[in-house]
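Morning, everyone. Please have the structure up on your screens.

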Amino acid sequence: MIRIDCSNQTAEELALAKRQAQLIFKLNHTMPMTEEYDGLVHEIFTDLGEGSRINTPLTAVRPHKVKIGRNAVVMNGCLMMAAGGITIEDEALIAANVQLISNNHDLQNRNIITCKPVRICRRAWIGAGSTILPGVTVGENAVVGAGSVVTHDVAPNTIVAGNPAKFIRNI
């Protein structure tokens, strides 16, 4: 687990955060399916696979820690809290209003964020309105039902749903 003291960031870290916030604001106010839009997406997500699509509105903190594979889709309203790192592999589908949360606040010192990576494996499908919490891996070809809160790893080729998400069946 990584711990970051948000009250003690360098001038470079603060400048990067400011620049990224401004780029995301601009993306959210740019006509989709234009060269300008595509350029902003690639500037925000420097590790973006060919054929992947990111829809707005988008909220992302530390998007430089997000890796997106080929032919992945991130639908409207996604929140990416990426201090711990977020990986979205090839052909993964992220439905509308999904929250990918790789960091949380320390209970004793709220200025400290604790970070664990989130990984959405190849061909996984995260249903609308779901939340994936820090440290979770959603296995290859797995499905997370709409509105679920995923607190533990999801095995490949399974369906989970609920709050907290529980095993429903194998695919």
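Predicted model: local features only at pLDDT ≥ 70, side-chain atom pairs only at ≥ 80, totals over all residues.

Strand 7, residues 78-81, runs parallel to strand 10, residues 99-101. Three bridges join them. Opposite Met81 you will find Ile101 of strand 10.

Next, the helices. Helix 1 covers residues 11-28, and helix 2 covers residues 35-44. Their axes come within 10 Å and cross at roughly 155 degrees. Angles over 145 degrees count as roughly antiparallel, so that is what helix 1 is to helix 2. The crossing is left-handed.

Who makes the contact? From helix 1, Arg19, Leu23, Ile24, Lys26 and Leu27. From helix 2, Glu36, Tyr37, Leu40, Val41, Glu43 and Ile44. By class, the contact has seven nonpolar residues, four charged and no polar.

Last stop, Asn104. It sits in strand 11, residues 103-105. Is Asn104 buried, exposed or partly exposed? Partly exposed, because its relative accessible area is 46%, and that class runs between 20% and 50%. Leaving out residues up to four places away in sequence, Asn104 touches Ile112, Ile113 and Thr114. And back to the helix contact: Tyr37, one of its residues, is 67 residues from Asn104 along the chain, with 30 Å between their C-alpha atoms.

Terms used. Residues numbered from 1 in each chain as written. Heavy atoms only, no water. Axes fitted to C-alpha atoms, helices over the stretch in contact; angles between N-to-C directions. Helix = DSSP H or I, 4+ residues; strand = E, 2+ residues; numbered from the N terminus. Parallel < 35°, antiparallel > 145°, perpendicular 65-115°, else oblique. Left-handed = near helix turned anticlockwise from the far one by under 90°. Contact = heavy atoms within 4.5 Å. Nonpolar A, V, L, I, M, F, W, Y, C, P; charged D, E, K, R; others polar. Buried < 20%, exposed > 50% of the residue type's maximum accessible area, 1.4 Å probe, protein only. Pairing = 2+ DSSP bridges.
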